[in-house]
Amino acid sequence: MMMTPEQTQLIIKVESIVQARLEHQGAGHGFDHVQRVLKSARLIQSSVGGDLFVVELASLLHDVGDAKFHEGVERSAEFSNQILEQLQIEPDCIAHVAKIVDNISFRKRDHAENLTLEGKIVQDADRLDALGAIGIVRTIEFGAAFDQPFYLPGVTDQKTGVDHFHDKLFKLRGLMNTTAGKNLAENREHFMRTFLQQYLTECDATE
Ligand code: ADP
Ligand code: NI
């Protein structure tokens, strides 16, 4: 479904509102992440269809009230509703976007409500940003921010970035909803595995 010129204008407005709100959030989980999710979501939508306006809105708003930046309380759906109401977007559309924003996180994967096609696209796009070269950088950035080492040879009682690859990131490919998403995930996971192999080889070589 193509967007109307009015919808395109609304997307530009929402984009600048989200950009302003996320300004203070560090790289890896700020507006740069949102822009990459939007780009991937557009790509997936071009292959599998779905309402592009809803896909773009949910991509832009999916982390607007991330719990990490709001005392542990996830407020994205609440902020999404506020922003879209101010722009006088149709109530059905606002509710659809809020439902997506509320249900795509990895944390919720076991008790999330069923996702619509648009929700599946945005979830895949968000997960893709945890993979590949970007996924590696984000994992390292997370470690730097939360004082978590990337690798501790021989240590088993402390979580590392390398553990995160295994605990979460290498599981994402199998959780992708769309074929387009799965193909992109496969490619990105392959690159991460190559990186990890090289990294571990280099580490062992110097021990
Ligand atoms: P999003 O909400 O965009 O899906 P998260 O907030 O879960 O992403 O995580 C942001 C980034 O930090 C991701 O790239 C993720 O892989 C990384 N990350 C999350 N938890 C950890 C962890 N325990 N160790 C290392 N990296 C992490
Ligand atoms: Ni995200």
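This is a predicted model: local features need pLDDT of at least 70, side-chain atom pairs count only at pLDDT 80 or more; totals for chains, interfaces and linings use all residues.
Local features were taken at pLDDT of at least 70 and side-chain atom pairs only at pLDDT 80 or more, while totals for chains, interfaces and linings use all residues. Residues are numbered from 1 along each chain as its sequence is written, chains are lettered from A and ligands numbered from 1 in the order written, and side-chain values use heavy atoms, without hydrogens and water.

H33 belongs to helix α2 (residues 31-48) and H62 to the loop between α3 (52-61) and α4, so the pair ties together parts 29 residues apart in sequence. Helices are DSSP runs (H or I, at least four residues), numbered from the N terminus. H33 counts as buried at 1% relative accessibility, as does H62 at 3%; buried means under 20% relative accessible area (1.4 Å probe, protein chains only).

The axes of helix α4 (residues 76-86) and helix α5 (residues 91-103) come within 8 Å and cross at roughly 155°. These axes are lines fitted to C-alpha atoms over the stretch in contact, with angles from 0 to 180 degrees between N-to-C directions. The two helices are therefore roughly antiparallel, a term for angles over 145 degrees. Contact (heavy atoms within 4.5 Å) involves S76, A77, S80, N81, L84 and E85 of α4 and I94, V97, A98, V101 and D102 of α5.

Definitions and conventions
Angles under 35 degrees count as roughly parallel, over 145 as roughly antiparallel, 65 to 115 as roughly perpendicular and the rest as oblique. Buried means under 20% relative accessible area, exposed over 50%, partly exposed in between (1.4 Å probe, protein chains only).
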